[in-house]
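Please read this briefing with the model open beside you.

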Amino acid sequence: MATQPTREDRLAPAEIGRHYDEVSPIGDELRDGQLHMWYWYGDEDDAPLEEAVQRISHKVTGTLGLRPGERVLDAGCGPGETAVRLARDLGVHVTGITLSAFEVAKATSRAEAAGVADRAHFRYGDYTAIPYPDGSFDAILALESLLNGDDLDKALREFHRVLRPGGRVALSDFSLESAREPDRIETFKTGLRLGALPTVPEWLERVRAAGFQVEEYTQCGPRVFGMKTKYVTTAMRRRAEIAERFGDSAVREYADGYRSFFVPRKDQIGYIIVAARKPAR
């Protein structure tokens with residue numbers, strides 16, 4: 001099983017929040033309110049970055065089979081675009097939690113502008129200590145947020161606790177293509193120190209260990225991390241526009257933060273989507 005960071009290595013929730021307060025404004029602008037990865041069908045796919053990022057949202061949320069009126073937790077909600085879309089298009093009630101004060105404010109503003117503030121609410125919170133009673137939600141979404149946190153296994157147990165019996169969870173995140181990789185890709189996401197990335201079997205083992213029944217999973221790394229060069233090319237088309245708004249120095253810092261992110265070979269890093277269910281009583 002992949003190891004977690006030691007207690008000494010782990011970032012405190014406030015540190016994680018400060019990190020996203022710094023990087024989310026540019027990420028929000030660049031990816032239209034979503035901070036997760038992209039999905040291109042190949043080098044010939046000319047979809048803009050915003051559309052490529054939205055494809056991941058559709059792929060992951062589609063596994064939840066959401067119905068109008070259901071209660072959804074968006075754990076690590078970012079600037080709120082995914083939650084707002086779910087509330088607007090599917091009529092669900094979404095609660096987003098994040099450690100970033102910027103993201104709470106931006107997501108709240110986005111919900112108000114979309115006319116769904118009555119169905120999309122955002123609050124400061126830690127998904128390893130979710131501030132809601134047992135069985136509060138019908139479904140949980142974790143779009144590329146679990147490896148940012150303090151303790152993956154604790155987060156999954158919290159998800160299990162706050163889901164009603166029969167409730168569903170959908171997560172997406174990075175995986176290691178092979179357990180034979182010598183470095184185990186210890187430090188990966190921009191600005192954050194992580195433990196070793198789990199392989200696909202390790203991801204499934206940890207989801208099951210938290211009490212879930214895995215119903216579906218897919219590995220789509222070649223069209224996600226495998227398209228990292230395409231992302232750089234596409235993002236650079238907007239560099240001048242982003243720099244005009246945030247300043248050259250901020251854009252350079254943002255780009256520098258991604259340097260370690262792009263170091264691994266594209267065949268080392270996978271991208272897993274898992275759909276699971278809490279057993280009904």
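Helix H7 gives the most to the lining of the largest pocket, with 4 residues. This comes from a predicted model. The largest pocket has a volume of about 370 Å³.

**Largest pocket**

- The lining of the largest pocket is made up of 15 residues.
- Tyr231, Ala235, Met236, Tyr254 and Ala255 lie nearest the centre of the largest pocket.
- The elements that give two or more residues to this lining are H1, H7 (228-236), H8 (239-246) and H9 (248-257).
- By class, the lining of the largest pocket has 12 nonpolar and 3 charged residues. It has no polar residues.

**Cavities**

- The structure holds 2 cavities of 30 Å³ or more.
- The largest cavity takes up about 590 Å³ of space.
- The largest cavity is lined by 40 residues. Tyr20, Leu35, Glu144, Ser145 and Asn148 are the closest to its centre.
- Helix H1 (13-30) and strand E2 (93-98) are the elements that give two or more residues to the lining of the largest cavity.
- H1 provides the largest share of that lining, 6 residues.
- The lining of the largest cavity divides into 16 nonpolar, 17 polar and 7 charged residues.

**Packing of H1 and H9**

- Two packed helices are described by the angle between their axes and the distance between the axes.
- H1 and H9 pack at an angle of about 90°. Their axes are 10 Å apart.
- Angles of 65 to 115 degrees count as roughly perpendicular, so H1 and H9 are roughly perpendicular to each other.
- On the H1 side, the contact uses Val23, Ile26, Gly27 and Leu30. On the H9 side, Ala250, Val251 and Tyr254 meet them.
- The residues of the H1 and H9 contact divide into 6 nonpolar and 1 polar, with no charged residue.
- Tyr254 in H9 takes part in this contact. Tyr254 is also one of the residues nearest the centre of the largest pocket.

**Packing of H5 and H6**

- Helix H5 (residues 152-162) packs with helix H6 (residues 200-209) at an angle of about 45°. The two axes lie 9 Å apart.
- That angle makes H5 oblique to H6.
- The crossing of H5 with H6 is right-handed.
- Leu152, Asp153 and Leu156 are the H5 residues in the contact. They meet Trp203, Arg206 and Val207 in H6.
- Which classes make up the contact of H5 with H6? The residues divide into 4 nonpolar and 2 charged, with no polar residue.

Note on methods
Residues numbered from 1 in each chain as written. Predicted model: local features only at pLDDT ≥ 70, side-chain atom pairs only at ≥ 80, totals over all residues. Heavy atoms only, no water. Axes fitted to C-alpha atoms, helices over the stretch in contact; angles between N-to-C directions. Parallel < 35°, antiparallel > 145°, perpendicular 65-115°, else oblique. Left-handed = near helix turned anticlockwise from the far one by under 90°. Contact = heavy atoms within 4.5 Å. Nonpolar A, V, L, I, M, F, W, Y, C, P; charged D, E, K, R; others polar. 1 Å grid on protein atoms, 1.4 Å probe; cavity = no way out; pocket = protein on both sides within 12 Å on 5 of 7 lines; lining within 4 Å. Points joined across faces, edges and corners; volume = space filled by probe spheres on them.
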